[in-house]
Amino acid sequence: MAISLFSCSYFGIDTYIVEVEVDLSRGLPVFNIVGMGDQAISESKERIRSCFKNMGFEFPVRRVLVNLSPANIKKKGSHFDLSIFLGILANIGNISNIEIFRKYLILGEISLNGKIKSVTGAINAAILAKEKNFLGVIVPLENYNEAKLISGVEVVPVQNIQEVLDFLENKISVEELCKNADKKNIEILESAEIKEKNSQNEDEIIDFCDVKGQLLAKRALEIAAAGGHNVFLIGDPGSGKSMLAKRFTTILPEMTEEEIIETTKIYSISGLLSEKDPIITKRPFRAPHYSATEVALAGGATRVGEITLALNGVLFLDEIGEFEGKTLETLRQPLEDGKIVISRANFTITYPVKSITITASNPTPSGYFPDNPLCSDSLLDIKRYQKKFSGPFLDRMDLYVEMHQLKKEEMFCETLSEKSESIQKRVIKARVIQKRRFKSDMLNYAMTKRQINKYCKIDAETQEIMKEAIDNLKLSARMFDKLLKVSRTIADLGGEENIKKEHLLEALNYRKK
């Protein structure tokens with residue numbers, strides 16, 4: 001008879017239930033898996049056969065058929081190994097308590113000697129189990145930390161086939177398995193901490209105070225961190241663009257529990273979690289090389305892109321003048337809409353976009369501003385170079401900052417500038433104000449038109465300044481809204497209830513002239 005077990009698969013970053021039906025019947029000995037599985041699923045037949053032999057079980061000399069339902073959706077991954085293995089064992093009478101299969105989602109890749117290896121998407125499976133009212137999930141021990149982030153669902157961590165069988169036959173409890181997993185995790189973490197402590201040099205800790213001068217750029221990044229705004233840094237070589245961008249995460253608040261789960265989901269399904277970092281607790285910082293393709297940045301049908309991997313963190317695009325123009329243009333819609341929609345003939349996948357984008361570039365091919373004597377480029381070369389970051393793309397940047405080389409006095413200055421910790425405190429304070437205002441974790445950059453009208457009111461004098469700016473800077477409606485959002489953030493950093501003239505003037509200072 002056909003025995004059903006339950007696992008899951010992934011469509012983009014969305015998870016869905018897969019019913020694993022295993023049936024043994026008379027006929028020529030053959031082992032077939034149907035249901036549109038990929039190469040990894042097809043190869044599981046050999047892993048399962050060898051595991052049967054090495055664990056002392058006799059593989060049935062019968063017709064074995066495995067169906068992965070729904071059969072009309074392509075499935076990938078090696079995490080079906082465990083459910084298929086258990087289904088065959090149950091069919092030949094080695095597991096009596098088959099009713100328990102209906103209570104759990106089962107994930108795990110099996111080795112040839114019966115060990116259960118880690119898989120991708122364990123936290124996503126735990127969320128799905130909770131949504132679909134399963135009692136819990138059976139996962140490899142290595143995936144225990146990420147899966148247990150989800151409360152209200154039982155997580156059963158197992159190291160090998162024998163532990164699974166003992167659990168199914170009630171010979172070992174969930175509590176005992178979890179206790180063993182916690183003990184092993186503590187050993188792993190302690191070992192990792194010792195290695196990190198031995199390898200880490202105190203001088204390697206990055207901080208905003210490492211960057212000399214560039215007060216305008218530092219202030220712009222503080223505003224960006226407080227309101228979630230995108231930043232465009234343009235300047236001479238060696239002016240500190242990359243240094244500041246790499247230190248940006250040090251002024252952002254610690255991740256909330258919701259953000260940790262949201263980001264860990266993306267990294268889990270992408271296979272980017274490790275034994276050392278089983279959970280993403282630090283804000284991601286993604287800095288793809290300028291040779292990156294459109295798919296690498298935006299993602300495709302089978303993988304997320306860099307802009308999604310930067311979820312709740314920072315996407316840094318250095319030397320954007322070297323990126324392919326078409327590649328940069330793919331970011332226009334995601335930066336505006338907060339999502340990436342990948343459309344194919346038979347399906348559509350949506351990836352979330354929620355990060356602060358920092359772009360950096362030299363002003364000319366030679367690297368220097370045109371008024372610098374070191375600039376050797378012709379006007380045509382400069383125009384051709386700057387055409388790569390188009391007007392619509394720059395429109396998506398809330399803050400535009402020009403950074404010039406340091407003066408001699410600044411280079412020799414021994415006084416440390418403001419530390420990241422001090423800036424972070426102001427950023428957190430401004431975000432608390434926004435949280436109260438919107439009654440959610442939304443930041444100023446995401447305000448709708450209606451919210452802008454409600455929270456970004458300006459007096460008559462400030463309106464006159466804005467009207468003059470619209471004429472002089474040829475501001476579009478989008479840029480007008482962004483100016484008001486940035487002004488609102490500057491006011492929040494100052495603890496002001498209303499936007500004042502000085503807030504708007506500072507915001508105007510971060511527009512391209």
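Me: In which loop is the place of Asn-133?

Reply: Asn-133 sits in the loop that runs between helix H3 (122-131) and strand S8 (136-140), and the model in which it is placed is a predicted one.

Me: Why is Asn-133 called exposed?

Reply: The relative accessibility of Asn-133 is 71%, and the term exposed applies to values over 50%, so Asn-133 counts as exposed.

Me: What is the phi of Asn-133?

Reply: Phi of Asn-133 is near 65 degrees, which is a positive value in a residue other than glycine.

Me: How do you know whether Asn-170 is buried or exposed, and where does Asn-170 lie?

Reply: Asn-170 lies in the loop between helix H5 (161-168) and helix H6 (174-199), and its phi is positive, about 60 degrees, although Asn-170 is not a glycine. Its relative accessible area is 63%; since exposed means over 50%, Asn-170 is therefore exposed.

Me: What joins Ser-69 and Pro-70?

Reply: A cis peptide bond joins Ser-69 and Pro-70, with omega at about 10 degrees, and Pro-70 itself belongs to the loop between strand S4 (63-69) and helix H2 (81-91).

Me: What makes H19 roughly parallel to H21?

Reply: Helix H19 (residues 460-473) and helix H21 (residues 501-508) pack at an angle of about 15 degrees, and their axes are 9 Å apart. Because angles under 35 degrees count as roughly parallel, H19 is roughly parallel to H21. The crossing of these two helices, H19 and H21, is right-handed.

Me: Which residues make the contact between H19 and H21, and how do they divide by class?

Reply: On the side of H19 the contact is made by Glu-461, Thr-462, Ile-465, Met-466, Ala-469 and Leu-473, and on the side of H21 by Lys-501, Leu-504, Leu-505 and Leu-508. By class, the contact of H19 with H21 has seven nonpolar, one polar and two charged residues.

Me: Which residues of H3 and H9 meet?

Reply: Ala-122, Ile-123, Asn-124 and Ile-127 in H3 meet Ile-261, Thr-264, Lys-265, Ser-268 and Ile-269 in H9, and by class this contact has five nonpolar, three polar and one charged residues.

Technical notes:
Residues are numbered from 1 along each chain as its sequence is written. This is a predicted model: local features need pLDDT of at least 70, side-chain atom pairs count only at pLDDT 80 or more; totals for chains, interfaces and linings use all residues. Side-chain values use heavy atoms; hydrogens and water are left out. Helices (H or I, at least four residues) and strands (E, at least two) are DSSP runs, numbered from the N terminus. Buried means under 20% relative accessible area, exposed over 50%, partly exposed in between (1.4 Å probe, protein chains only). Axes are lines fitted to C-alpha atoms, for helices over the stretch in contact, and angles run from 0 to 180 degrees between N-to-C directions. Angles under 35 degrees count as roughly parallel, over 145 as roughly antiparallel, 65 to 115 as roughly perpendicular and the rest as oblique. A crossing is left-handed if the near helix is turned anticlockwise from the far one by less than a right angle, and right-handed if clockwise. Contact means heavy atoms within 4.5 Å. Ala, Val, Leu, Ile, Met, Phe, Trp, Tyr, Cys and Pro count as nonpolar, Asp, Glu, Lys and Arg as charged, and the others, Gly among them, as polar.
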